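Please look through the structure below before reading on.

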Amino acid sequence: MTTATPAHSTSHGAHEHSEPTGWKKYLWSLDHKVIGIQYLFTSLLFLFVGGGLALLLRWQLAYPSTQVMPNGDIGNPASLAFINPQFYNSLFTMHATVMVFLVVMPLLIGAFGNYLIPLKIGAGDMAFPLINELSYWVYVLSGGVLMASFLVAGGAAAGGWTSYAPLSSVAAYNSTQMGQSLWCVGIFLNGLASIMGAFNYITTIVNMRAPGMSFFRMPLAVWSLFITAFLLLLAVPVLSAAAAMLFLDLNSGTNFFNPAHGGQPLLWQHLFWFFGHPEVYIMILPAMGMVSDILSIFSRKPIFGYKAMVFAMIAIGFLGFIVWGHHMFVSGMNLVLSAAFGVSTMVIAVPSAIKTFNWLGTLWGGSIRFTTAMLNALSFVLMFVVGGLSGIFMASTPVDIFVHHTYFIVAHIHYVLFGGSIFGIFAAIYTWYPKMFGRMMDETLGKVHFAFTFIFFNLCFFPMHNVGLGGMMRRIADPTAYEHLRSLQPINQFITLAAIGLGFSQIIFLWNFFRSLKHGAPAGNNPWQATTLEWMVASPPGHGNFAVTPTVYRGPYDYSVPGHKRDYIMQNEPDASDATLGAPRSTVSVG
Amino acid sequence: MRISLNPSHRLVLALLGLAISGAQAEIRETSVWWLPRNVNMFGHTIDFLFYVILILTGVTFIGVFSVLVYFLVKYRARPGVAALHSHGNNTLEVVWTTIPVFIFLGLAIYGNEQWTQMRLKTPPADALPVAVIGEQFGWNVRYPGPDGKLAKMEAAKVNKDNPFGIDSSDPAGLDDFTTYGELVFPVNRPIRLYLGSKDVIHAFYVPEFRLYQDMVPGRIYDFVWLKAEATGKFQLACNQLCGQGHYKMFGKLTVSTAPEYEAWAKSKAPSPSVTTVVPPSPVAMNQK
């Protein structure tokens, strides 16, 4: 493995722009750290928007008798008091759209990708800072367009986040022409932002690694974001194109998806899921990478099977492009094709299993510190296992005939996306907050937040498996309309109460997050006594990150190397002898 | 095997994934914690595969969970005890890659075999053909008359006035009869479904039949077949989001004895002068 050539010897020297200060910093800064924090705040805001939508739709499912408006629009204030079926359809459509495109992707990739990649590879900034900033503002614009769609005549898109045609593509069928069109515009813009971010990340990682930072010395968080960037670059343009086609079908008289005029409804599904399945991995790989780093830090152990982890992620990235058809087993596409997709889907479970075993291997023989970050990371592992295992039911084509589109799959996606990605994001926030803001988050509040979130999450989502097996369909505004679902109502109400508890638990997080900005204990450079490059610089790091580009001498996980007083050796430390290592840089205790 | 359980035991069993198939129908009547009873011939395979996967995943989960908890307790940070410096173990990597590969491939191969049985084998020749064409928000149903044959349907001909896409001069169709949102299947006789849609994608979903199939406009699917093994009343549900009225797009599905079916069919048969049956409006059908 050859070492990378540094893009510049001192990071400051390469920057031609001057750093704006004060509020202007948050409008025009091209600094990847500022952009990362902008992404963090914006997507956390959307997390609460998306969560609010979820609570509204849960309310409707538990207490559908409050639905008294048979038909109404959101522009009419009277109809706001009650959730009518069309508004309910908008709620779950926009809940998923917001969570996928405005929360999980931007949190993992926009916030942590931006913040961590240059710091972890020893670069001064991203390769294209201006495009980076543009990516953020296009993302904000896409969020604005999607939010605005609630206010237009007919309301927001109501065809599900999957927007299956021809319901989505023919105005007469969906009654939300404006909302659906804005959905297309929003998704298109969001895709642009993702594509801009993706090639920026790839260029940065390929060209701007510090001397000595070979590919196989990169932390797994960087590897995961690197692989994710390729997935984005290959998958997102397909969705953007599909969204453009859908927009044209809706507004310009084309008929890509309308069979009444020769179009193909299944074409939409193929395009959507060709994006949609890699998207699943886009939303979990960065969390896997960051959680790997976090498990290693707080076990004080090197990651178990580093290369196996890298190759497993590459395998997931590759196989992720040949499994999309498993979303379409029951769509009526070629039945032999379903069988083939069934096999590839089973195969892609293997690298996920490898990763899980390696996480357990990392804990084995460790010296485990139960910080809030670690608790969230451990919960990521456990919840991901549940979500991964429940996926096997759908991967089996015959069982999918039964559980497809029931609440079983709603449980599954939430175990992966909330139990997995969101717990991973919490772990990452608790880990890197000190680096971002120079102060520690409160550990006690953090643990209370974790405990409530973990308990309410499971109370909310686990019973969904049962209602799904009981035969409850997803996306129905009123389960009591069905005789065979009426006996489910107590469970539905229980789930809703747990969801409300889950929502309110996040207030603890908000309080901790904002209070710690001013009142948290000072973090120092390296509060977790970690090895990677971001921990060698001040918290928060200055503009340009490194006064002098660091040289990397070792892999990212030199914890508990025998024969050393200190249980970690940073990547930029040249020699492993105690004499040169000196005293630990930070004395903030962990655990 | 019939097991009587009090509700709290049922709850615990269901949560542990140990509910036993004999008790399912009972659980279904009181609360829906578990699979509803199965009445379709293919349901046995699906349920069997479901339980195989449940046991495999359950054992895996318990294994992972136990190891995780054991490690967390055993390797918690203690003063004076350093962590091991280990970068991994290639033998273990090979072992825990190979075992899942075989398990997953086994599942895929067995699943595919069953899929082939259910979907790729031609239905028996004596199967009763029934056409179901979805629309916002109801079900057009067409049964063959005494000749046992449905009129030939073409997806390209499906439109607002011709939901089944038939040629009205087709002699096979003259004795066909139609209903709106009402299906009756004779018990123990294979049924071959012809599924399509007039407008958007709908889905034919009956949990007791372990059956879900999208109904896509522009296509008529003829590969779904089933055989009901017990009589009873069920609800047919649309399970593909189809618009504002999706949540109440349901139909009546009855499995009855052969004589009951014959009597019902006779009562629905068209009088010679009537060639088409006008469906009632969707509003009237949404019997809440």
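The model is predicted. In chain A the secondary structure consists of 20 helices and 0 strands. The radius of gyration of this chain is 24 Å, close to the 25 Å that the globule rule gives for 591 residues, so chain A is as compact as a globular protein of that length. Its C-alpha trace spans about 75 × 50 × 45 Å along the principal axes. Of the 591 residues in chain A, 64% are buried. Among contacts in chain A with a separation of 6 or more, 80% join residues 24 or more positions apart.

One of the helices of chain A is α14, which covers residues 372-395. Helix α14 of chain A has 24 residues, and from its first C-alpha to its last it reaches 34 Å, close to the 34 Å expected at 1.5 Å a residue. Because 24 of the 24 residues of α14(A) are buried, this helix is largely enclosed by the rest of the structure.

Chain B holds an open sheet of 5 strands with mixed pairing, in the order β3-β2-β1-β5-β8. Two of these strands are edge strands, each pairing on one side only:

| Edge strand | Residues |
|---|---|
| β3 of chain B | 177-180 |
| β8 of chain B | 221-227 |

From one strand to the next, the twist averages 25°. Strand β5 of chain B, residues 190-197, pairs with β8(B) in the antiparallel sense over 5 bridges. In β8(B), B:Y221 stands opposite B:L195.

Key:
Residues are numbered from 1 along each chain as its sequence is written. Chains are lettered from A and ligands numbered from 1 in the order in which they are written. This is a predicted model: local features need pLDDT of at least 70, side-chain atom pairs count only at pLDDT 80 or more; totals for chains, interfaces and linings use all residues. Helices (H or I, at least four residues) and strands (E, at least two) are DSSP runs, numbered from the N terminus. The expected span of a helix is 1.5 Å times one less than its number of residues. A residue is buried if 20 or more other C-beta atoms lie within 10 Å of its own, exposed if 12 or fewer, and partly exposed in between; C-beta atoms are placed from the backbone. The radius of gyration is taken over C-alpha atoms; the globule rule is 2.2 Å times the number of residues to the power 0.38. Two residues are in contact if their C-beta atoms, placed from the backbone, lie within 7 Å. Two strands pair if DSSP finds at least two bridges between them. Axes are lines fitted to C-alpha atoms, for helices over the stretch in contact, and angles run from 0 to 180 degrees between N-to-C directions.
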